[in-house]
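Notebook open, viewer open. I'm jotting down what I looked up, one stop at a time.

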Amino acid sequence: MDLHIHGPEPTADERAAVDSVLGPAVSAWAGGARDLEGEGRTTNLGGHEARSRRDLLLPALHAIQDRFGWIPQGALNYVCRRLTVPPAEAYGVATFYHLFSTAPRPAVVAHVCDDIACRVKGGEALCREIEKQLGPAGSGHAGTPTGWKRSPCLGQCERAPAAMIVRSGENAGTYTVTETTGAEEIIAALNGARPAENLESMRRSVPQAGQSALRLLGRVGSVEPGSLDEYRRNGGYEALKRAVELGPAGVIAEVTASKLVGRGGAMFPTGRKWDAVAKEPARPHYLVCNADESEPGTFKDRLLMEGDPFAVIEGMTIGGFATGCERGFIYIRGEYPLAQLRIQKAIDLARHGGLLGPNVMNAGFAFDVEIRRGAGAYICGEETALINSIEGKRGEPRNKPPFPVQVGLFGKPTLVNNVETLANIPLILRDGGAAYAGTGTAGSNGVKLFCVSGHVVRPGVFEVPFGRTLREVIALAGGVTGGKGIRAVLLGGAAGTFVGPDKLDTPLTFEGTRAIGASLGSG
C-alpha cells in the first residue's frame, strides 16, 4: 500500500532518528526511489521489514521525541510511510500520550509532579516556586534551553516531592530528582546535575532492606542489581532449573497449588490463567509483563525492577516455558527510566548467558524478552489498553470478551501478568506451591508488597504476609510524622477509598478490606 502523504519532508536528522529503530530505508527519503504520478512524492521500496511492524510505531515516536524534544511533522510523515500507517492514525497515537509533544519544546524539560503523594509533601509549593523562577508551566519552546510542566504521578511517591528531567538531543536522557527541598535542585538538574542511584538510595526506599525474613524484597538494596553472577549466587535461576525439571504442566500445577492471585489488583487466580493460555491451540502465544503501574501512590513494581531485575526476567521466562510463549514483552511506564535501564541490562546479560534466546539453559525451548516503553497514559495499566499500545495504536481498552488469554497481542493467546505477580513465581518454584499457600490467610495467600507514602516517618515499600493490619503496616513505616494522630488513610491508591482511624485494625487481605467496603487494589 502506498500512502499519499502531504506535508513537509523529513530532514536528514529526522530520517536518522526513525531509521535508528526501523533500520535504513531504500526510498526517496534515502535517495533512489521512483516518483509517484510525477508529483515528486515517493514510496518506500524496501529496507527493514517495517511495513508489517506497526508495533514499532511507539519506539519510533520515542526515538524522534528523544532526538528533538518533540515530534516534527516531517518525521511523523516519514514514520507513516515506513510503517504504512495512515497519518491521522499516527497523529492520534502521538497525541494520546502526555510525554509526547507535537509542538516544539525546550531541549530540557522538568516534569514536576503535583499529584497526591507529592502534593501532601509540598509539591504545590514547589510548583509555585519554580514558576517564579522559570515562568508559567509549559511556557518554554524550542528556542529556549529549559522549561517545565506539571505532571501526574511519577511513581516516586516514597521520595516525594519529585520531578523527572527529560533531556533531548545528543545528550538525551531521562532521570528523576526526588525529595526536593526547593526549586534550586530542579534548576540544577535542568542544567545537568544528576542524583546518584545506588544501593544506598534503594535502601532508603525499602526500609526493611537486609532483613533475613524477606522474600520478594530479599535482594533489593542488598545485591547489586546489575550483576547476573550476584543474582545467581543468591539463588537466582534455581527456580527456572526446577521448572525445566517439572515440565510445563508441573509448573502450572505448582502455581495453581500456591493459590497466587494477580497482584495488580484484579485478583484473578494466576494458575488458572496460565493453564488457559497453555491450552489455547492457536499459535504463537505471547507473554506480556505489565509494568505500567500508573495508580498514584503505587511504586512497588518500580522498586522490584530497579532492585531485582533478574527476578522479573526469570519469572517471565518460567511463565513463557509453562504456557508455550516464545516471545515476551515488558511494558514499562515512560516515567521509569532507571527501571528500563536495569531491566534492559538484565535482558542483555541473561541473553548473553544463555538464559534467554533460542535454546534457554540448553533445555530445548525458546524465549526472549523485548521492552516496550510507555509514554505517559494512566489507562495503559489496563491490560487491553496496554496491548493496543504495544501494537502501535492508541492505548484504549478493548471490549471483553474475547479475553487476552484467547485473543490478545496481535490477535493471539496472551498471558498478561504484572511485575509483582511474576516476581512471586521463582519463590513458588523454589519452595513449592503448597508451602507458598501456607503463608497468609485462608483467603489471601503468600506475601504482599505495600506502598506507604505521605505523612509517615519512613515512606517506602514494605513486605508482609497477608493478614497484618493497617495499623501494623503504618507502624513499620514509623507512624505519622511529628507523632500526630491519623485522620484518614487512602487505601488502594487514588482510585481507592478513604478510611478513618476506626478502621486501622482491618487485616490487609482481600476479604478484610472488602468487609469494610474498601479495596486492597495493588497495595
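**Strand 11.** I began with strand 11, which pairs with strand 12 (residues 460–465) in the antiparallel sense over six bridges. Helices (H or I, at least four residues) and strands (E, at least two) are DSSP runs, numbered from the N terminus, and two strands pair if DSSP finds at least two bridges between them. I looked up cysteine 451 and found valine 461 as its bridge partner in strand 12.

**Ground rules.** This is a predicted model, so I keep in mind that local features need pLDDT of at least 70 and side-chain atom pairs count only at pLDDT 80 or more, while totals for chains, interfaces and linings use all residues. Residues are numbered from 1 along each chain as its sequence is written, and side-chain values use heavy atoms, with hydrogens and water left out.

**Is strand 11 buried or exposed?** Six of the six residues of strand 11 (residues 447–452) are buried, so the strand is largely enclosed by the rest of the structure. For the cut-offs, buried means under 20% relative accessible area, exposed over 50%, and partly exposed in between (1.4 Å probe, protein chains only). I checked both faces: Val447, Leu449 and Cys451 are buried on one side, and Lys448, Phe450 and Val452 are buried on the other.

Alanine 442 sits in the loop between helix 17 (433–437) and strand 11. At 78% relative accessibility, alanine 442 counts as exposed. I also took its C-alpha distance to glutamate 511, which is 9.6 Å across 69 residues of chain.

**Strand 3.** Which strands does strand 3 pair with in the parallel sense, over six bridges? Strand 4 (residues 146–151) is the parallel partner, and there valine 112 has arginine 150 as its bridge partner.

**Helix 4.** In helix 4 (residues 87–94) I noted Ala90, Gly92, Val93 and Ala94 as buried. Their cover includes helix 2 (57–68) and helix 3 (73–83), where contact means heavy atoms within 4.5 Å.

**Aromatics.** I used ring centres within 6.5 Å for Phe, Tyr and Trp (its six-membered ring), with planes under 30 degrees apart as stacked, over 60 as edge-to-face and the rest as tilted. The count by this rule is eight aromatic pairs. Tyrosine 231 and tyrosine 237 have ring centres 5.6 Å apart and planes at 85°, so I logged the pair as edge-to-face. Both tyrosine 231 and tyrosine 237 are buried. Phenylalanine 329 and phenylalanine 410 come out at 6.3 Å and 70°, so that pair is edge-to-face as well. The pair links distant parts of the chain, 81 residues apart: phenylalanine 329 is in strand 8 (residues 325–332), and phenylalanine 410 is in the loop between helix 15 (383–390) and strand 10 (414–418). Phenylalanine 329 is buried at 0% relative accessibility, whereas phenylalanine 410 is partly exposed at 31%. I also noted one aromatic cluster of Phe96, Tyr97 and Phe100.

**Last stop.** Valine 120 lies in the loop between helix 5 (116–119) and helix 6 (123–134), and is partly exposed with a relative accessible area of 37%.
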